[in-house]
Amino acid sequence: MGSRVISNSSCGRSARAPLIGNIEGRNVKSLNGTWNALIDPNQQNVFNDLFHYAERNHKPAPGELLELTIENGTTLKVPGDWNTQDDRLFFYNGKVWYKRDFQVAKKEDKRYFLHFGAINYKAQIYVNGKHVASHTGGFTSFNCEITDAIADGNNFVVINANNTLTNSDIPTSRTDWLNYGGITRDVNLVELPKAYIENYKIQLNPDNPKEILGWAMINGASSGDIKVMIPELKINESFPLENGKAEIRFKASPEFWSIGNPKLYDVELTYGEEVVKDLIGFRTIKIEDSQILLNGKPTMLKGISIHEEAIGADGRAHSYEHAIELLQAAKELNCNFVRLAHYTHNEHMLRAADKMGLLVWAEIPVYWNLEFEKPAVLEMAKTRMDEMIGRDQNRVSIAFWSLGNETPISDARNTFFRALNTHVKSVDDTRLTTAALVFGGEEIGKMAKEYYFPTMAGEQFDTWDIHIEDELASIVDLPAINQYFGWYYSGFLAPQAKIPPLKARQVMLDNMSKIRFHIPGDKAYVFSETGAGARRGISGNEEDMVIFSEEYQALVYKKQIEMWRNQKGLVGMSPWILKDFRSTMRQRQGIQDYWNLKGLIDDNGNPKKAFFVLQDFYDEKN
Ligand code: GCB
């Protein structure tokens, strides 16, 4: 059982505090709604002007000349990205100031916190004119204590959100998704007792499924007992605190949570006057003999990748309803597994996946090329992981922690991943680690030389062997491969083989069933991405292979499926992607218009032809 996640933040009565686990199970008041906002594109001195008025919580009087003040500025909905709330902010990367008033009936024997589901990317928080916390990282939750900063009655909070990304950030500014800015997830005011349950972990012992293991941390007291109750299992046990932490261990034989039977138990933790309620499931996940075993049973991962964008509602998904709609679409596809790419999704997704019986791959935005050689970048990645695990460690659906996506091979990068993998294992050993490997141009070049040219010269090959030579495959428990046969790779093959692009695509498709992947150590692996772009409504004959037609996308899926059937050690897949998503990289006018079109459903949830191809394949695997 891994150790507790320790937040790197400073702790005080008005400061960023260690993450409060299970925010849903606490006494909260939502601060969602319409907030005042001021755009600060030039990043010049707005703070001072704003602060001048904000300090006094100045409300403009009729006839008063105020220009740069938030009360006279625009408004934005929270939670929500700014890009899709105002056309002028669609491409905006920079600072926006937010403000809202809130009331507190302040009690002397309580402590007060602000909890943020996520703010992208950097956040500065001020309460009643006082700086109380800062946070970096656009996809994880954080909270700050404001007990000493608030008064009984009216208070106000000012937040500066800045979504500017640099080469030293995680992610960097180069991403194939829209860098949605703002307070993108729920904001809550939290009232807690002086000594409260900070966080806890309650999971099945991975080595003994008849035992439950975990820990609980108390903030504000170091001794006493913490009580754990699972009424349905007749568990009612107390565990003593030592230096504020209790080790939890008891015998139990819970019914397993599984894909067909997502059994969750009511779990109650009590410390002093505080009772925290949660819904927790129990299962084991392992890899043995090149198979994924869920509760000891071989399980094929029939998956789909998902970005955090709502169906039929522009922008970042942020509600439980959005989560249900996305996961429902995955279920219609006959999935039992979702890859939540490429960053930590909101907590609603995990709660919904727990209830719907979907296995989850959870990821941090270590994406493409980071400054892997910099120790600070590794520390940042560890913090992203700690924050994700600290929030989600009791979500039974999460089977895999993904360390990163398509990172170019180098010694520095391998050292980085070895350290990150060891770190994750030390924090949580009830899940498996994974990472999506890049497979691309170089390999295709090699294939062209080794296979295509000799074949043209008359020599016949029965198989196209692809040997994955990336050390990362050995570092993680479950290697995952992103491959785009039938889509990008013809673009590499055509110049190598000196054939026209259309011919290159034909060669690829004709030969896909001959491809055989070989993974170091013959480990079990998944295809974490594959796919092709199609704009719903564009059609063409399959034989014509019209780019962006639904028929061509469907053809690529058919050929992929033929290939999947021939792979040894392939234990699942999560093709790219459930729904079309916004990306500023996709600028083909009249077709893409800033959308990545590899979705199996369009933005409004309408299925494309390939949806049914994958749906049938997954159905057959039932
Ligand atoms: C990839 C990336 C993913 C992209 C996708 C694409 O390999 O991992 O973030 O969106 O390809 O559509 O090119």
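User: How is a polar contact defined here, and how many residue pairs make one across the interface of domain 1 and domain 2?
Analyst: A polar contact is a pair of N or O atoms within 3.5 Å; within protein, one must be able to donate a hydrogen and the other to accept it, and residues adjacent in sequence count only if both atoms are side-chain atoms. Across this interface the rule gives seven residue pairs, both residues at pLDDT 80 or more. The model is predicted: local features need pLDDT of at least 70, side-chain atom pairs count only at pLDDT 80 or more, and totals for chains, interfaces and linings use all residues. Numbering runs from 1 along each chain as its sequence is written, and side-chain values use heavy atoms, without hydrogens and water.

User: How many residues are in contact between domain 1 and domain 2?
Analyst: Contact means heavy atoms within 4.5 Å. Twelve residues of domain 1 touch 13 of domain 2.

User: What area do domain 1 and domain 2 bury?
Analyst: Buried area is the accessible area (1.4 Å probe) that two parts lose on being put together, summed over both. Here the value is about 1,000 Å², with 44% on carbon and sulfur atoms. In domain 1, N22, R26 and P193 lose the most area to domain 2, together 44% of what that side buries.

User: Which residue forms a salt bridge with R26?
Analyst: A salt bridge puts a side-chain nitrogen of Lys or Arg within 4 Å of a carboxyl oxygen of Asp or Glu. R26 pairs with E274, their closest N and O atoms being 3.0 Å apart. The rule finds two salt bridges across the interface of domain 1 and domain 2.
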